[in-house]
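Let's take a friendly walk through this model together. The sequence and structure come next, and the notes after them go from one chain's fold to its contacts with a partner.

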Amino acid sequence: MKLLGLFNYWVFAVLLMIGLFALISRQNLIKKIMALAIFQSAVFLFFITMSKIENGTAPIIQAGVDNQIFSNPLPQVLILTAIVVGISTTALGLAIAVRLYEEYGTIEDNEILALDRSA
Amino acid sequence: MTTLLIGAFLLSLLVITAVAIVRATDLFSAVMLSGIFSLLMALNFFLLDAADVALTEAAVGAGVATVLLLAGLRLTPPTEARGRSLRVLTPAVIAAVALLMIYASFGQPSLGDPQAPAQQHVAPWYIEKTPELVDIPNIVTAVLASYRGFDTLGEVFVVLTAGIGVMFLLGGGRGKPFSRLDSNVEEGLSRHLIPKVMARLLVPFILLFALFIQFHGEYSPGGGFQAGAIFVAGIILFSLVRGERLTLAVIPPRVLLWMSAGGALLYGAVGLAGIAMGGNFLDYSVLADDPITGQHIGIIVIELGVGLTVTGVLLSIFHAFAARD
């Protein structure tokens, strides 16, 4: 039971490292952007895990219901806005990748570096 | 217990999907898998009582992000080259850090522990005082728009800045006025009957739902961020079926730019109005005679600003990618 309660943290750790691993080991820029998104999602999961309270419910007050336990609204607010900022930065990264492809004809970072060195 | 088990099952699926994304060499399948990843993430958020976050993740992550990645993929090679073979060091270090973090997790409070440090700080105050100070049912919206309005203002400007960056890199889409559009040109999926009929049925309801999410955000999960993303998803669906040119004619790029900047400025203006009426920056209590009415006015106006900016920026970004050949 205690171990199951820690499962979310393990998944957070594994997802974070999968994202970091792909970010380091993959050369394709679009793949790197997706790896960054996985990394980011892991952090979101960590925050939302911390907001959960046992037997709690979503923090929306219902009229006529007393003694309700609400989960912590604060991490939810932080992550809600972070998701939208995340998509904006993903789009910016994609735009850079598209421009790089137009200039270099490739989006593999080792090939881009090789082209830079030979130039 | 059952919820915990369902959660563990969904989280396992999440890890499997993440591994599949990293392993796929076909970027198209990787993008599709990342859509599934976001949807699973949204389900997990929902199980963890974060209804607002789940709604955002489903609309933004599974919807808009997938479309943007596909739009980017249209302009770049669809497969990934596997060059350099992996050295041993990278996986070893990564695995070691993962094991360290799992080891550290044994010092963490168990999931749902009401005594956890995160539940002791300011959150009980928010939950206790919201009915009295802001008087709206959705505490998440109250924290987002009122208590931490300053943070949210910053986030809106970050979104705007990212949008400006994409415009600079790719150039904004250019549209023709509606009257000069040649209606005989077939674009998008307009020749395909089933998508066309489905879209015609769905688009109005998606847009209506977005407006509901926008203006009902104080009472139920929702608000400007989610509404903006859902509205954009509706317009993108319209664009896929009826073609890019018609969409640009219906909502010209200039309008989108005005929406992006105008929303952020509207938000800032509410803050300045608070100063002008004798309060602090982003203090809504002074906006009306009754502090609670002032809070309601402030929250509705800034949520509108957020919705306008998110819609304008995301749609401009989509057009910027779609307009490029």
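Helices (H or I, at least four residues) and strands (E, at least two) are DSSP runs, numbered from the N terminus. On that basis, the elements of chain A run α-α-α-α from the N terminus on, with four helices and zero strands. The radius of gyration of chain A (taken over C-alpha atoms) is 20 Å, well over the 14 Å that the globule rule (2.2 Å times the number of residues to the power 0.38) gives for 119 residues, so chain A is more spread out than a compact globule. Its C-alpha atoms fill a box of roughly 70 × 35 × 15 Å along the principal axes.

A word on the source: this is a predicted model, in which local features need pLDDT of at least 70, side-chain atom pairs count only at pLDDT 80 or more, and totals for chains, interfaces and linings use all residues. Residues are numbered from 1 along each chain as its sequence is written, chains are lettered from A and ligands numbered from 1 in the order in which they are written, and side-chain values use heavy atoms, with hydrogens and water left out.

Now to the partner chain. In contact (heavy atoms within 4.5 Å) are 76 residues of chain A and 97 residues of chain B. The two chains bury about 7,700 Å² between them, 78% of it on carbon and sulfur atoms; buried area is the accessible area (1.4 Å probe) that two parts lose on being put together, summed over both. A:Met34, A:Leu80 and A:Ile87 supply 8% of the area that chain A buries against chain B, more than any other three residues.

Four salt bridges (a side-chain nitrogen of Lys or Arg within 4 Å of a carboxyl oxygen of Asp or Glu) link chain A and chain B. Among them are these:

| Pair | Closest N to O distance |
|---|---|
| A:Lys31 and B:Glu80 | 2.7 Å |
| A:Arg26 and B:Glu80 | 3.8 Å |

B:Asp49 lies in the loop between helix 2 (27-47) and helix 3 of chain B, and A:Lys52 in the loop between helix 2 and helix 3 of chain A, so the pair joins two chains. Both B:Asp49 and A:Lys52 are buried (under 20% relative accessible area, with exposed over 50% and partly exposed in between; 1.4 Å probe, protein chains only). A:Arg26 is buried too, with a relative accessible area of 10%, and B:Glu80 is buried at 7%.
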